[in-house]
Amino acid sequence: MIFLISAILILTCAHFLSLRTDLRSPVDYVLGTFVYANANIVLTGLILGAFGLLANKWATIFLETLFLLIAYLIVRTGANKKGLATTGQPITRIINTVISMLKNSPDIILLFLSVFFSVMFALFLIWFLPPNSHDVLTTHLSRVGYWLQNGTYLPFPSHNLFDLIYPLNPALQAAWVMVVAGSDRMVEIFQWLAALVCALAVFGLSRVMGDDRKSAAFKGLLFLSFPIVIMQSTTAQTDLVVAAFGSIGFYFFLSGFLESHNGKLLVSALSIGLALGSKQLAFLLLPGFALATIILIKIKNGNGHRLLI
């Protein structure tokens with residue numbers, strides 16, 4: 001019950017923020033909601049852990065309720081006055097878009113079904129099997145267990161240096177699951193969700209680059225058909241989480257720059273920040289973003305084709 005209440009508070013808060021930043025297309029809305037929800041969880045964990053309350057589920061609910069009220073006030077009093085009047089539209093559009101795309105592309109249905117069963121089998125494994133990979137047991141979850149015993153993520157004596165130097169964000173996500181669910185049964189769920197979000201970001205990037213829906217859907221489903229993706233989605237490691245934030249950041253960066261959409265650029269910055277706080281490998285994305293910025297500026301000034309050549 002606590003897990004359900006916490007999830008509803010977080011998703012509702014993320015929903016309001018997605019509306020406030022004008023993320024109204026189905027792809028924008030889902031990706032933006034994912035980023036805002038994760039930012040909520042990380043921020044909640046950072047605040048509670050600083051005061052020794054990381055394992056307190058009622059403190060978690062209190063902070064999430066506070067963030068929801070703040071998001072409601074932002075939408076209520078912000079420039080986007082239509083936000084509350086259109087709260088149901090993005091979800092309805094997502095359902096209609098998926099149904100329409102499958103109806104108009106019957107040859108995609110077979111790939112969709114095979115990917116769907118693979119993804120659902122991964123979820124089945126998450127539910128029935130305990131975390132068992134080496135990195136998870138020696139670092140990712142072991143330090144979360146210590147955090148929850150002591151109520152804080154502050155440095156502690158450890159023979160494993162990675163317990164202390166690894167970024168906090170994915171571990172805070174795992175801690176949130178264990179606190180509000182009362183066990184580690186679904187602690188891998190963020191990797192599973194990240195795999196789905198990565199596929200959606202691939203779809204969105206393909207659309208921004210000019211592909212039709214059928215071609216973009218094929219690329220997104222193809223990503224989910226890679227064995228390494230499905231295998232990673234059943235672990236509590238961090239690779240897919242970083243990939244999700246990185247791909248979402250680049251999608252919103254590209255589309256926001258081309259459309260001069262400040263809301264998308266804001267979500268892009270937040271997503272990249274979450275990626276950098278998830279794994280050091282994310283810092284390798286920064287040179288690519290710098291190069292993309294130069295190319296996009298040149299394109300906007302009318303001489304980008306020469307630079308690309």
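Helices here are DSSP runs of H or I with at least four residues, numbered from the N terminus. H8 supplies the largest share, four residues.

A word on the source: this is a predicted model, where local features need pLDDT of at least 70 and side-chain atom pairs count only at pLDDT 80 or more, while totals for chains, interfaces and linings use all residues. Residues are numbered from 1 along each chain as its sequence is written, and side-chain values use heavy atoms, leaving out hydrogens and water.

How many cavities of 30 Å³ or more are there in the whole structure? The search finds two. A cavity is a set of points on a 1 Å grid over the protein atoms alone where a 1.4 Å probe fits but cannot get out, and lining residues have an atom within 4 Å of a point. Points are joined across faces, edges and corners, and volume is the space filled by probe spheres set on them.

The largest cavity holds about 120 Å³. Of its 15 lining residues, Pro170, Ala171, Ala174, Ala236 and Gln237 are the closest to the centre. By class, the lining has eight nonpolar, five polar and two charged residues. Nonpolar means Ala, Val, Leu, Ile, Met, Phe, Trp, Tyr, Cys and Pro; charged means Asp, Glu, Lys and Arg; the others, Gly among them, are polar.

Now the second largest cavity, at about 80 Å³. Helix H2 (26-50) and H8 each bring at least two lining residues. Among the lining residues are Ile41, Leu48 and Trp176, and no charged residue takes part.

Definitions and conventions
On a 1 Å grid over the protein atoms alone, a cavity is a set of points where a 1.4 Å probe fits but cannot get out, and a pocket is an open set with protein on both sides within 12 Å along at least five of seven lines; lining residues have an atom within 4 Å of a point.
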